[in-house]
Amino acid sequence: MSAPYTGQQPIDDFGLSFSKLKYNATLAITTDTSLTVPGASPRYKAVMKCEPTGHVWVALNTAAAAAAGSSFAATSSELLTEGQKLCREVKAGDVLHFYSITATTDVSVVLYPVI
């Protein structure tokens, strides 16, 4: 099992122990790429990062999609940008979806079990 996440830790991943649950992918342009959260623990903190450039859209249990246009619209996706860290709680069996409008964007997901 991986190092557990405790409520006192910051959500930016600074100072967390190394996790054994690390995943990465190089996203193809305009292709939904998914990761199913493993079932070793009921809940996790998922720390997500992307490099080197571009915008990655992240959605939970549904396909991710890029921005709809010049007006605000409801969406299932959140924006993850270069150098940003996004931490969200997920459950075992959830599926994270990633979508990029830029070719060869690398995405990293590190999971920490919530105790």
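1. A word on the ground rules before going on. This is a predicted model, so local features need pLDDT of at least 70 and side-chain atom pairs count only at pLDDT 80 or more, while totals for chains, interfaces and linings use all residues. Residues are numbered from 1 along each chain as its sequence is written, and side-chain values use heavy atoms, with hydrogens and water left out.

2. Now to the sheet. Four strands form an open sheet in the order β1-β8-β3-β6, with antiparallel pairing; two strands pair if DSSP finds at least two bridges between them. At the edges are β1 (22–27) and β6 (85–91), each of which pairs on one side only. On average, neighbouring strands of this sheet are turned by 25° against each other, direction ignored. For that angle, axes are lines fitted to C-alpha atoms (for helices over the stretch in contact), and angles run from 0 to 180 degrees between N-to-C directions.

3. How many bridges join β3 and β8? Strand β3 (residues 43–51) and strand β8 (residues 105–113) pair in the antiparallel sense over 8 bridges. Within that strand pair, Lys49 is found opposite Ser108 in β8.

4. Over the whole chain, 37% of the 115 residues count as buried. The cut-offs are under 20% relative accessible area for buried, over 50% for exposed and partly exposed in between, with a 1.4 Å probe and protein chains only. Of the contacts with a separation of 6 or more, 81% come from residues 24 or more positions apart, where contact means heavy atoms within 4.5 Å.

5. Leu86 is worth a look in your viewer. This residue belongs to strand β6 and is buried, at a relative accessible area of 6%. Leaving aside residues up to four places away in sequence, Leu86 touches Ala46, Val47, Met48, Glu78 and Leu80. Its C-alpha atom is separated by 9.5 Å from that of Val109, 23 residues apart along the chain.

6. Lys20 sits in the segment before β1 and is exposed, with a relative accessible area of 67%. The C-alpha atoms of Lys20 and Tyr112 are separated by 8.7 Å, and these residues are 92 apart along the chain.

7. Two backbone angles deserve a check. Most residues other than glycine have a negative phi. Asn61, not a glycine, has a positive phi of about 60°; it lies in the loop between β4 (55–60) and β5 (77–81) and is partly exposed at 45% relative accessible area. Thr104 has a positive phi near 55°, is found in the loop between β7 (95–100) and β8, and is exposed at 54%.

8. Last, the largest pocket has a volume of about 180 Å³. Its lining includes Trp57, Phe72 and Thr75, and the lining residues divide into 8 nonpolar, 3 polar and no charged. A pocket here is an open set of points on a 1 Å grid over the protein atoms alone, where a 1.4 Å probe fits, with protein on both sides within 12 Å along at least five of seven lines; lining residues have an atom within 4 Å of a point. Volume is the space filled by probe spheres set on the points, which are joined across faces, edges and corners. Ala, Val, Leu, Ile, Met, Phe, Trp, Tyr, Cys and Pro count as nonpolar, Asp, Glu, Lys and Arg as charged, and the others, Gly among them, as polar.

Notes. Helices (H or I, at least four residues) and strands (E, at least two) are DSSP runs, numbered from the N terminus.
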